[in-house]
Structure formats: C-alpha cells, structure tokens
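User: I am new to this structure and would like a close look at a single chain, with its sheet and its surroundings. Could you walk me through it in a connected way?

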Amino acid sequence: MLSITRRHFLAGTAISLTILPKMALAEAPKRGGVLRMSIDQAASVIHPMLARVNPEYLVTELLYSNLTRLKPDMTVEPDLALSWEPNAALTEWVFKLRPDVTFHDGSPLTADDVVATINAILDPKTASPGRTNVGPIKEVAALDPLTVKFTLSGAYADLPVALTYLNARIVPAKVVTGALASLSTAANGTGPFKLTSYEPDRRIIVERNPAYYDPARPHLDRIELLVYPDRTAEASAMISGEIDLLLTTTPGQYERFVKADGVKALRTPSGQFLNINLGCDQKPFNDVRVRQALALAVDREATVGFVAGGYGTPGNDTPLSSAYHFYKNIPLKKPDIAKAKQLLADAGYPNGIDLTLIASDQPATRAQLGVAVREMAAAAGFRINVQTMPHATYLDQVWKKGIFYVGFYNMQPTADAIFNLLYTSNAAWNETRWNNSAFDAVINAARVENDEAKRSALYGKAQDMMHTEVPSVISAFFDLLAAQRSYVEGYVLHPRGSVFRLDMVSLGAGAPKRT
Amino acid sequence: MSLAWLIRRLLLMAYTVIVVSILVFAITQILPADAAQSLLGENATPEALAALRAKLGLGDPAWLQYAHWASHVVTGDFGVSMCTSQPVGPEMLAALSRSLLVAVSSILLTLAVAVPLGVVAALRQGKFTDTGVSLVAYLGVSLPEFVTATLLALLLADTLHLLPATGYVSPLEDFIGGVRHLALPVLTVSVILIAHVMRMMRSETLDVLKSDYIRAARLKGLPERTVLFRHALRNALLPVVTIIALDVGYLLGGIIVIEEIFAIPGIGRALMVAITARDLPSIQAGALIMAATYVLTNTLADMAYALLDPRIRYD
Amino acid sequence: MTELLTRLIRKPQGFVGLSLLALVALACLFGPALAPYAPEKINFLGRFRAPGWQNWLGADQFGRDIFSRLMVGARSTVPMALIATFAGSAVGAIIGVGSAYFGGRADEAIMRTNDAVMAIPGLLMALLLVSTLGNGAGNAAIAIAIAFAPGMARVTRSVALNVRNQDYVKAAIARGEGALWIIFREMLPNVMAPIVIESTIRVSFAVMLFATLSFLGVGAQPPASEWGLMVADARQYMYQAPWALIAPSVAIAVAAIAFNLIGDGLRDALNPKDER
Amino acid sequence: MTAALSIRNYSLDYVTSAGPVRVLHDISLEIAPGEVLGLVGESGSGKSSLAWALMRHLPANAREVEGSLQLGNVDLQRLGPRELTRIRGRRLGMVFQDPSTSLNPTLAIGSQITEALIRHRDLKPRDADALAIELLGHVDLNNPAAIMRRYPHEISGGEKQRVVIATAFGCRPDVILFDEPTTALDVITGARILELFARLRQETGVAALYISHDLALVTRVADRVAVLKRGRLVEQAPAAEIFRAPRHSDTQALVAAVPRPEHRLVHDSPGDDVLLTASDIEVHYGNPGLFRRAPPAATKKIGLNVRAGEILGLVGESGSGKSSMARALTGLAHFSGRISFDNQVIHGARDMNAAYRRDVQIVFQHPDSSLNPRHRIDEILSRPLKLYGGSLPDIPRLLDQVRLPSSYAGRWPHQLSGGEKQRVAIARAFAARPKLVICDEITAPLDVSVQAQIIELLLALRAETGTAFVFITHDLNLIRQIAHRIGVMRRGEMVDLLPVEDFDANHIHSYTRELMAASPVPVG
C-alpha cells in the first residue's frame, strides 16, 4: 500500500550520512584549535530536558545527542539512531540504534537509556518543555539493546522530525532513575564535546570528546562560550578579533559586519516570527471583521523594514514562512485603510476603538513591533496604547490569557508542529483560543495523510483559513543574523535558529593561536 | 584604637547587614511574578509550578522563609540559585572579586589624577587652569555612565584600536590581556570619580589654605613650598579618605551599566540579573555581600582617617 | 528671593547654570509646541535620515524626528527627576531634622538604620523598587525618591545638629516652646539653605539615574520619548545614525550640568559669610 | 639710632562692593629697640589691619594709599616673596590671638618649632631639637622632651601659647607683634603668660608691638601706649600717664569704662524672702553609649539660693561649671538634685511648668547665635509675648525699654551690631516680666564701652522691675561692681559663696585670692 517514494522518504538510512562529508567540503578540514564564541545571555540551565533559551540549547547540543538531527533544509538525518521504520498505520515506529556508542563516563548507550529518557520527558513532574513537542507518544519499549519501539496514541508521520526537538537529548538511564537533577550542574551525554568548566555568568568551556561515535568529528580541540550582554560592544569585539563566532546579532550591528574586513556576516531567512495575538473568545476580537480590519491596517513590508531592519520576509497572517516545507505562496495582503475603516464600522465601531497592546521586554523587538503597528493602525481608527512589562510578569499574567499581546516564536521543525503548538483547539500554547473545529479537522487530516500532494493541499487550505480569519496578525518573519571571522569554516546558520552543529566547525588559515 | 571601638564597629556591621537583609527580603516578597514562573518560563504547567513553589518553599509565610534562610546564612551557606542551581555564595564572591578589581584600580587611578589636579586648580584659583579643570569636572559628573562608556569605547576601541572594546579576562590567567581588557571600564568609571574627587579636593585645599595655622606657618617665614606640602596637603587629603569610602558603595553596585557594556561579570550585574529573574537566594546573597563590603570599607576608611589625623582617637 | 537671584547671576557658575536651566525649562514648558513633527510619527522613508532641513537633528531607526522627540521628551525626563529629588529630599530632611532634634538614643537608632539603608547603592535600590512596583516612569520616580532619602537625611542631620546647638533654639526650649514649633519655625528655616543646595545638585544625579534606569529597560518604556530611553535605543544604531545617540546625550548633559552649576552657585550665594 | 620699627603717615583702604573704605588714616608710630609699644582700640578700630600690614599679609582687597613701613633699615613694602621669607620670623616675629588654631593639628609640636629654628637659625636638625627642648623649658613648660612628640590637641591653650612664644623668641627677631595673645585664655593662665612675656622681654631686649582691646592690661605690659579709634591715632603717652591722665575724650571714655571693683554701681540691699533655692545640683551631659561610661558630672553637688531682687554673681574659669548651672536652672541640661521655686519642688526639665519658665529667663553669651537669623526682630519679641499673655503693641515699649528705636522692629538680626543684638535678647527676656534673669557671660564678647552700656541697662531694668539676677562672668572686677553676693566656682565645685564686701577679708579660699591677683586694678 505504501508507495515506493514514501517508504524511501520516511525510512532514512545510513546511506545519506556517508555521502555528506565528501560532497560538502573541498579538502579535509584542519583538526584542532580553540574556538571562542559569544552568547547573548548566561546559559544558566544546562539540564538538557529543561533548557529554554538558545545559549542553553547550544550547550546541551554540544554535550548530548538526539536520536535524529535536523539538516539545514529542515529534513532529518540519523544521529544516535541509524535507521527507523513505521508500521503501515503510522502508529508504531521501530528505531535501530547506532552500535558501540559510549557516554562521557564510558558507560555504553543502550535502548534502556532511550526509553528512560523519553519517559522522563513525558512525565509532567519533570516539567520539560519537550513534553508536548516530541509527538503523540503513548508508550516506548526496548525490544533489544539496540532497538526501540515507539507506540503512538494516533497516526503521526513526523515522529523522526519531532524527536529532533531541543529537549529530546538522550541521557543515561542510571541518571534518570538516580539523581535527574544532578544534570543541572554536571553533564554526562554522548555529545561531541565534554564539559570542562561551567561559570554560567562568565565562561563555559567544553573540550573534544575523544570517544565520540564519529572519529572524524569534532574538528576543534576546545570551545569557549563567553557571555556578552551588550550587542554593540559584542560587535566591536568581533571586529577587533576578540571572538571568532557569535550566536546572534541585531540589524544595526549586522551592517557593521558587512563593512568590516576579516569578518563574514551570516544571514539566512527563517521561520522566526512575531505575532500579534487576538483573543478570539473575547470582545472585540470575537468579531472576525475587527480582526480583518486590523490585518488590513498593517503595512507588512514596513514592519519588516522597521522591526527586522529590512532583514526579513513579510508575513501573510500564517505561521509558515518560505523556509517551511509546505509553504503556500498566497499573494501578500496589501494595507487598505478605507476597507479596514468600513469593516470596523460594520462591526459596530464607527468612530474607532481603544485597545491596550501588551509587549514583554524580552526580546526588544516585541515593543518595536507594537510601536510600529500602533502608528499604522491609528489611520484605520485603532487607538492602541503600547504597554511593556518584565518578561516574568508577562508570562504570569498575560501569556495565553490576554486578549491583545505580542508573541515571539522560533521556527518549528514541521508545519504540523507549529500549527499544533499554537493554533489548534488543543494546542499546547493555544494563545488565540480561536478553537476553529474546521481548521482542527484539516490539521489532523494532514497529520495522518501519507500522500505528499494531498498533504500539501491540506496545509494549503489551513493557511488560507488563517489568512482570511486572522486569529493572529503575523506581518514579518525574521532572517537570522550572525557573524564569524573569515578563518572559521564549516559553520552553517541554521534556519531553525537553535541548531548549531559546532562539531562541523574547523579553523582555517589565519586563525590566531590560542592556548 | 581600642578593643571596645572594634567590638562596637563589628556590632554596627552586623546590624547593617541584618537591616539590609530584612529590607531586601521584604522588597523581594512583594515582587509581582514569583521565581517559579520566571524559572519555568513558557512551558510551566500548573502542576509543575506548584511542585516547584513547594520545593522552593515559596508558599510559607515571609518571616518563616526569612528565618529559614537566615539560619543557613549564619553557617555561611547562602543557598542555591534558583536559575543555575549552583551554590550562590561562591558565585557572588567571585563576582565581588571582579567588581573589587575594577573598583580598586579605579580608585588608584582617580587618586593619582584627581588629587594633583584638585590642588593645582585650588592654587591657581580663578585663573585659566582652574576654570578649565572645573569645566572638565562638571562634564565628567554630568554624563551618565553609559554615555561616557559608549564615547570612550567608540574613540579608543573602534576608531584607534588601542584597547579591546569589551570582554573580561581574568588577570590571573592572562595578566597583560586582563589589564588591557580592564583599561576601558576602569577609565570610564574613573572619569566620573575623578570629576567628583577633584572638585572636592579643590574646595578642601581652598579651605585649608584659608585656615589660621597655614597663615601662622607663612608668617613664621616658611617658604610657600613647605607650607603647601608639609602643612596644607596632609589636612586637605583627610576628607578624601571618607569620600572614597562612600564611593565604594557606588563602585560596587552603581556601575551595573559599565559591567553590562564591558561584559564584566561583577556583583552589580549579577544582582541585576538575579532581580529580573526573581532569583531570591542570589538577590539576598548579593545584597548581603555588598552591604558587608561597604561597611568593611567604611571601617577601614575610619581607621585610615585615625592614622592620618591624630585628633581622632577611638577609645 | 530676587536679591538671591541677583547674587546668583553675579557668580559665573550661577549665570551659566541659570541660562542652561532656562534652555531646559523652555523645552519642558513649550516642548510640544516647538516640535515640528509629532514625536511618535514613524516614517519609513525617513529612517536614519541625517540632520538636515527636514529633520534638524536627524531621524532615528523609526524615522521619527529626533528634535521633536527631544522637545517632547524634556517634559517626561526633567520634571520627573525634579519631583523625585524634592520628594526624596523632603522625606530625608524631615527624618534628619527630627533625628537631630530628639537626639540621644532615638538619633542613634534612626541614623544607624539610615546608614544601613545607604549600604545599598542608589541604582540597586532603585532597581529593586522598580522591579517590585513594575516598570515605568512613575515607579522609577518613586524608586529614585526613596533611594535619595537616606542620603539627604544624613546631610540634613549634620546641618540640623549644629543649628540645634545654636542659642536661639536653646532659648526657645527654655521658654517652653513645643517640639513642632521648634522643628518647623526655628530649625527648618535655618536648615533650608543647605537642603536646597544639596537637592539642586542631586537633581542632576536624578536626571542621570532616570536615564540609566531607562537604559536598563526598567525606567520609561517605549514608545515614550524620554531622553534616557532615546540614548538606549540609539545605541544599537550608533554606527548608522550617531546623531540619534549624540543629541539626547547632550540634552542629558546640559540638564545635569545646569543643576550642578546652580547648586554650586547657590552654595556661594547662600553662604552665610557673604550674607552681609 | 634708627627705630626698630617705624610707621610714617600710613593710610590703608579696603575696596568693598560699596566702594573703598578708609581703615587707617595717616598713622605714624615708632618703636625704639627694646621698647614695648601698646596699641589699644576697640573692634573695628583697625589695630589688626596694622598688624597684617606690617607682616605683609593684607587681604586681596586692601589698597595701601600712602606712607611707609620700615623695619630697622628695611623697607617692608618693597620686599618680594623670597625676601619676605627671610624677614618673617627671622627679624619680625608674631604671636597670634587664638593658640588653638595657630598650630597645625596633624603635626607634632616639636617639628613645628624646629622647622622655624632650622630655617632662621641655620641649625642642623639634631641641634634644632636640642634648642627647641631648651626653649620649651625656658618658657616654664614641664617635661619639654615629652611635649616635643605630643600633638597640639593633647596640650592646654596656655601651653600652646607658650610653644608659639618659645618659637617666636627662639628665632631672636628684632621685633615681635603680639595680637591679643591672652584674650582666648582664662584669667589666671593669661596672667602667667604676661609674666613670662615680661621676663623674656627683659632677658632678650626685643622690641614689641602689643595689640589689645584691654587698656588696663596694656598699661601693665607696655612702656608706651597708643590709642586707636576708627583708624585714627587718638593719643600716645607713657603707660602710667595714659591711665591716670587721659587727655583725649575717647581715651577718657575708654578709661571710664574699665570696671573697677571699688566703684560700686549697686548700693541697695536685696529683700530677705528667698526666691529660688538649688541644692546638690549635679549636671550630666551625654548619656552612656553602648560601651562608653557616662562622662563625669559637670558640677558636683552645687547649692545656692537667690533672694528676690538680688544680684548673685557666679565667677570662674571656663570649664568651672558656671554655664552648666545656668543650663540646669533653665531645664536645658539634665541634672540631679532639687530646685525649689515659688514653693514648688523641681527635679528636672519636665517639672518646669509654664509659670516657672515665665519667671525664670536666660540671656546667652553670643549675640549672633541667640537670635534666629531667619526671624525679624518683631517676630522674635512677639513669641514670648504670645506665650506669656503680652500683646503686640508691647513691642515698641520693649524696644524702648532697652533703648532701641522702635523702627528696629522690622529689621533682620544681621543688620544689628553685637551690642544691639544683646539688647534685643534682653528685651526678649524681660517680655515675660520675669522674677529672675540668668545672664550667661552676656558681656564677654563685647567691647569694654558697649559692656558698660549693657550693665547700665540691666541695672536700670532691675530698678524698674525689681527682678533678681544670676550674673555669670569670668571678669572678677566687673562682678564686684554690681553683685550683692558672689560664688566662685572651680572644676565643678563652689569654692566660695560670700557677700561682695567680704572679698578683701583674709579667710577667702586660696583660689579666690589667686583669681583676684590675676585681675589687678589698672596702674594709677
């Protein structure tokens, strides 16, 4: 029943792994050297299951491995798992593990470790962010020391992609049953690097893991992660050669890097976006005409200009950007103040409407979007007051409860992941409370649909519905901006925004000698 | 310098530290969002929040939390940070050492520059150098730290490439690198301190030169040089000691902005990060350590003052 | 009062200070009227426009006119700093004079606690308070006032102590005057001069502290056109639009210098020696 | 033979915002070698300006209009800064008024002497130390070697003045200027310093210009006396003559104002009923700190009583406890013991009801600080009137009572002279129609002539209202002119309490006799 193309596509095998090294690099990368990388805030949580911000994802990626890994084109490649097989109904998956892989303390990796890790992530008491993002897993069992069987609560085509989630890193079973919390300060994973020193506020040092399963990698001897809180000063440090690679930067500094010599500015479009969430269950946004009026008042290209500094792509009120696999190219919504005014009048607000838009103070782009939308929407009769607040207070009092506030999300691995995360009725973070059963039906259908063309038609329909009903206004997707010294080789700025692959990185000619 | 005075000073120090801890505890109690929420972030499920609050004892009444915490601190255990789950004491002490590094070098640079400039301005009162020096002093005192930091970084690091723009290197590991990285932050802090101390030194010198014993020394036929260096300078320097002690408070906690721009993981920034993350143990430990350091430096300043000025006798 | 002003004008510090203050006051009072554009009007084409005939002081990353924002922003920076300082000074003065008047153990207790509170630097105290009260210009002003009070209490107490030892206070006590009359009619008028001097100088610190709080993101919130916030925002685009950073910095410096100069000028003008 | 110091037709102006003010008019004076010339004048007469002119230490706004200043053959006015350091101290010495501020507080005494000796006697440090110790012994300081290492705050005012004198004489100058060297000292210590001056002068033959406001004192010290009045030289004469036969009217006024015990000003005798009795009064300052013991009591079990209309004198040196008694009687200081007044027993300030505070008033020593600088005169006077049931129209009457024009009501205290301010303070006290007024050294800071007017005013008010006085002073001659009974206090104890007429008897306390010897009647 399965078409050949489908099987080939899903059952990723080890073959692709061997192709990669030759095709990508001209001559073998130089081994050794010390890479100095700057991160924007302290990686205060290095427990793989509890990591929340990019610096923490970076550290845990260096120290641990997942079963599968995301490639820059958002497709999956084997990591600890060599191959995987779904059953016909896509409700059971069998993963074959890579043989003779060891943890940093030398103990071997077995299926029991994978089972213990997945169970810990699914356990509500661990409160791991990954709990709702690793797919609808009902039960996981070890068939033999190198084989793991996942039983799902429903058909799900994207399990291999879901298991690339940032918290789904495999930890030793004896730690899970023993002291899971010890991972907050000590690290024992299978990753390419081992933890040498951990001063969260200042510097984190990791060194090469000699027993890594792939003898060719990592190329670097040591990586130093330094905390640089101020973007402007960090950029000056990069230009003066103090640091080799930086995690992320702002448009303002990016333009400095473009002009500076010895520095290579990195940019890649991504699915990272800011959305203005409209509480569809409360006045005035329960009326679709008000939502459409607001959507028509926003000049999307202008928001890309103002908030992303021109480094981004306009959004069409759907969470999928062109970087997504099932992206449908709907013609961009043009601002139409007259129609917006008319819609508002029809909805019963002839002389405009007063609203408070809440924007937390992290990241600063939230408030900037608020300010931009406030000016644009004013012409259409929206009198918006932008109110900012500390991030912790925002999470406590506004997030998922407020009727009008700015959200901020990284790109998800799959279209299903982003829709299920935010916009379906039973979504983990159902911010808009849109609760549109027709939309849910389309997403669920797509989830279980094998046929590529049918699946892309379903996701297309889902995007059309959001485009017209506007549960939240998504006007801009951000390109990811970073920079590196020209002698750094092998670093790819991943659109997901939280995948780094520093094990591929090496130092070419001109790199400073650092002990 | 009798034992009674030392005991009294120790009691005073203890009292100050206790008041600071109660004050900080009271303020942090009424923080709108609690630590559990800020810790778990977006993924906090209600039951996970409840579990964490119970674990951290956020539910009990304020005074019980304080008593519990105080009993630990007495044994030197400042508790564990809610964010990094690392012991807070050593973390804050390490941060304090880095802040002290900046503070002490700034004070030395300030004394070396501000004292002579202040005296020269006083001696040439009203003339060109005096107005010039005073103008620079006014400018120094009137620019917020982050403006001075930005301008200096722009000039010395980005345009002239003399100094590294930011970043902290511990002088223990790489002395030259450490010093070069400290140069800009110390320079920025010193600009503000020099302006402050120079103005004070100038007015003190003017007062001393107007005093009777200086007139007596001159009318004894002593040359102006002797009058200035043997008699005037010593007495004019005395108040500077107390001013420097008071400035230590500013140097430890007030230069958060400089620690942010020059990426110095000092105690000021550590406290700020703790406050925004509602990390109670870190806030407590940081405030306590800073208060203790502040009172210690004031006591040292008083002792130094007593050495310089025989009139002060602590019985 | 006029006689005081003439004496202030005669002094060079006083003269320069007053003229700068006049400039700042002009911005505070007639700012919005003087502003050529609406401070928050964004203009996509005008982003990072250099100073020229369209935007006298250039435009920021949103294309907003910096001169207009400076003019309107004056109102939300300087008056806030003034209110915060004088509130803090008033509270501090009352504590100081009261403590000096009652003397003995009460004085000892009040001053020791006051010194303890001073162990926490002003900026940190402000940060702690703002994180409790919530971000925003109003809360920042309250936080600064509270952070200033202990310092002022200390200064006032030392001045009040030597006023307390004056014979006219002793005469009042001897003839049986009430404590309130002594504090408010006998002591306070003679303590006012140093308080005014000290608080005028502290206004310049308040202006800078206010700007620093905005820089750290806890003071005035976007899209307010408060000077400190303008500098904080402009810092990211320092290389494309340096004028966006320089203009508000100069404005803060002018305000701070004005109050510093007037403080020093007042110290000479109100100095009892030249009272004759 | 050339004069040691000669001043010819010297005039001096001070440039003020209200234009130049002539301070010295055409002064001509000469001091022969070894001669001591006294220069007497009240405050504002210009005597200090002349001293600063001679030492070439005039303020910036001084303008020397005409005349010359000659030290031997050296024209002082043409000396450059370098030459000045060769003249000051070496040939022209100076001793200052307040010893406590003329020594550097943070430098040992020894080094402040040797630095002058090394410079002017060209000695090596070791020899300078030896000479310094010898000089200190010569000025009767015991254990001079120890004093060399001590700091100024560790020795008394008298000892400090002896150090300054030793330094001045040690450099063997031709002329020494003495600027009121005993004014800041107690009577007895002052007398000792004058004896020392006489001895040293006799031994060294140095010439001296002795400046003072106290004519009686100068006549005992100087060979010749010159009287200065508002910048003009009024009279010059040998010391003996100037007092016995003053020719110029201003000098006569000065002589008349000098208090003499034999010229009694009060002739009546007080009533018998006792107004106030104080018994074993101990005044305590400061309370025991955390670890500090309470400082010792300022007065030890003092007892005294005041009869209606009586003038009780309290005399003694500073630190004798006389002011503490005044503060105790008016509730300004904590005290143990009992005060009975108007058949009411008082143990502390709390028991002093409004009636007591009305009947017992106090006038303080320093006129500048006894009036609130921020209140006008009428507001100052209106407070007691409001408190004790007077009425506002009384203010002109009060001002007239103290012989001040009623136009002063609208003035500020800083617009009045010292004497006028003291009169307002007295008017404030009498506004309550008190039964007893305590005067705490109210004439000490005033010039002799002003002092005489204030005493005359007090006696007139007493005659008019019958109030009793407790008059506290350090000037024995003054109190013996007006008091009925005098208490002599020393280090917190009442050594004597006897009627004024018994003062010449032989059973008086040795300290009282010493006090009388230290304030003798002027020569002639």
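Analyst: Chain D contains 19 helices and 20 strands; here helices (H or I, at least four residues) and strands (E, at least two) are DSSP runs, numbered from the N terminus. Keep in mind that this is a predicted model, in which local features need pLDDT of at least 70, side-chain atom pairs count only at pLDDT 80 or more, and totals for chains, interfaces and linings use all residues. Residues are numbered from 1 along each chain as its sequence is written, while chains are lettered from A and ligands numbered from 1 in the order in which they are written.

Let's take the overall form next. The C-alpha trace of chain D spans about 75 × 55 × 50 Å along its principal axes. Its radius of gyration is 25 Å, which agrees with the value near 24 Å that a compact globule of 524 residues would have; this radius is taken over C-alpha atoms, and the globule rule is 2.2 Å times the number of residues to the power 0.38. Of the 524 residues in chain D, 46% count as buried, meaning that 20 or more other C-beta atoms, placed from the backbone, lie within 10 Å of the residue's own. Among contacts in chain D with a separation of 6 or more, 70% join residues 24 or more positions apart; a contact means that the C-beta atoms of two residues, placed from the backbone, lie within 7 Å.

Now for the sheet. In chain D, 4 strands make an open, antiparallel sheet in the order S12-S11-S14-S15, where two strands pair if DSSP finds at least two bridges between them. Strands S12 (302-307) and S15 (345-346) of chain D stand at the edges with a single partner strand each, so one side of each has no neighbour in the sheet. Strand S11 (residues 274-284) of chain D pairs with S12(D) in the antiparallel sense over 5 bridges, and D:Thr277 has D:Asn305 in S12(D) as its bridge partner. Helix H11 (residues 322-329) of chain D packs on this sheet, touching S11, S12 and strand S14 (334-341) of chain D, and its direction makes about 115° with that of S11(D). For that angle, axes are lines fitted to C-alpha atoms, for helices over the stretch in contact, and angles run from 0 to 180 degrees between N-to-C directions.

Finally, here is a neighbour of chain D: 20 residues of chain B are in contact with 24 residues of chain D. On the chain B side, helix H1 (3-29), helix H9 (212-219) and helix H10 (224-254) each supply at least two residues, and H9(B) gives the largest share, 6 residues.

Note on methods:
A residue is buried if 20 or more other C-beta atoms lie within 10 Å of its own, exposed if 12 or fewer, and partly exposed in between; C-beta atoms are placed from the backbone.
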